[in-house]
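Please look over the sequence and the model first.

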Amino acid sequence: MNASTSLQTVAKTKILNGGPLPTVIAGPCSAESEDQMLQTARALKNDHRVSIFRAGIWKPRTRPGLFEGVGTIGLEWLKTVKQETGLLTAVEVANTQHVEEALKHGVDILWVGARTTVNPFSVQEVADALQGVDIPVLVKNPVNPDLQLWLGALERLNRAGITDLGLIHRGFSTPNNKPYRNHPKWQTIQEIRNLALGIPLICDPSHIAGRRDLLETVSQQALHLGADGLMIETHINPDVALSDASQQVTPAGLDKLLTVLDLESERLAQPEQLQDLRNLIDRLDNELLNVLFLRSDVSKRIGEYKRLNSLDIYQANRWQQIVEDRLKIASDTGLDEDFVKAIFDTIHSFSLGIQNEVFAAQAAATSEKQP
Ligand SMILES: O=C(O)C(=O)C[C@]1(C(=O)O)C=C[C@@H](O)C=C1
């Protein structure tokens, strides 16, 4: 059975704005004070493209001692924001108490954070607290790139009766996220879309980028891939924000960003120029593959030499020397060193595999000859 068939969702969702334009959710990473919330919301209300105001009330932080959110008082401020601006409001919930408090304060939309989605016990607790409640719930991807876990969270909420569901793509923690804070792994958008058919997908460029200067590229890519909306952290004075200062924009910055993104029309490169560049990439990839083939052939011959001369396959000193040399070339050329290291780690483990096969083939041939 296709996993998507078990999700019962409604066609008309409150999460999307109902029009042809992407939904924009904006607001501070964290609620900090009533003044900060109201000033931010008043400025956002003037932007007709923004329909939902977000604010973190309880903040899951990696290390203790960091600002962990203002708690319930923030929900009072959010209520005032809603009354004054008419914007829909959204908060993150991670346990029963959060759900109960948010519902009591009339929050319109809930979201489950990436660190909660990774834990089925926590998602189930949120789902149980929402049993029988009619409210839209957005689910952020789990921190690790496990789409089944993401889908599982949607299913748990759906079984509790939540039909107005949405996905938030906020990037994944991978061994090398550079230049992002969380790697977008763009192909996952298509993959999760196929698994959760018909469920709207919002991109959270703030958590993917981790820095203001990358927001445009990330948002544009997401929109080109068909994202239904964007969640962009917006603060009246980002430089003094108590959390995630470097990724938040001012309402004026958001206005500029949304205008550049040109939400009405897709902005694509000139087709002929793009085709020339793609031809170049094809030729370069071809060369790359030829070189990789030649290298793996040499590795096989070294494997035979090692077998005949009873040498170990893994040669720590030689490998260390190779890494140092290649990283020096990378830094001289201006290539990202983490990128080059990741490539050579993969090449090396493949090379070890080739030589292991050489040894294994010889061992098998010898044992066949045994009487
Ligand atoms: O230099 C060797 O001994 C090799 O087999 C080559 C190679 C490599 O692929 O670069 C492979 C295994 C060793 O650990 C070190 C380097």
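The model is predicted. The domain assignment divides the protein chain into domain 1, residues 3–261, and domain 2, residues 271–369. Between the C-alpha centres of domain 1 and domain 2 there are 42 Å.

**Nonpolar core**

- The largest nonpolar core has 69 residues, and Val139 and Ile202 are the members that touch the most others.
- Helix H6, residues 147–159, contributes the most to this core, namely five residues.
- Leaving out residues up to four places away in sequence, Val139 is in contact with Val112, Thr117, Trp150, Ala153, Leu154, Leu165, Leu167 and Ile168.

**Helix H9**

- Helix H9 spans residues 215–224, and its buried residues are Leu215, Val218, Ser219, Ala222 and Leu223.
- These residues are on the same side of H9 because they cover an arc of only 130° around the axis.
- In general, an α-helix has 3.6 residues a turn, so residues three or four places apart point the same way.

**Ligand surroundings**

- Around the ligand are Ser299, Ile302, Tyr314, Gln315, Arg318, Trp319, Ile322, His348, Ser351 and Leu352.
- By type, this shell consists of five nonpolar residues, four polar residues and one charged residue.
- At least two residues of the shell come from each of helix H11 (271–308), helix H12 (316–333) and helix H13.

**Glu337**

- Helix H13 covers residues 337–369, and Glu337 is part of this helix.
- Glu337 has 13 other C-beta atoms within 10 Å, and therefore counts as partly exposed; a residue is called buried at 20 or more such atoms and exposed at 12 or fewer.
- Not counting residues up to four places away in sequence, Glu337 is in contact with Leu327, Ala330 and Ser331.
- Leu327 is ten residues from Glu337 along the chain, and the C-alpha atoms of these two residues are 6.0 Å apart.

Methods
Residues numbered from 1 in each chain as written. Predicted model: local features only at pLDDT ≥ 70, side-chain atom pairs only at ≥ 80, totals over all residues. Helix = DSSP H or I, 4+ residues; strand = E, 2+ residues; numbered from the N terminus. Contact = placed C-beta atoms within 7 Å. Core = buried A, V, L, I, M, F, W, Y, C linked by C-beta atoms within 7 Å. Near = placed C-beta within 6 Å. Nonpolar A, V, L, I, M, F, W, Y, C, P; charged D, E, K, R; others polar. Domains from an automatic or database assignment. Arc of directions from axis to C-beta.
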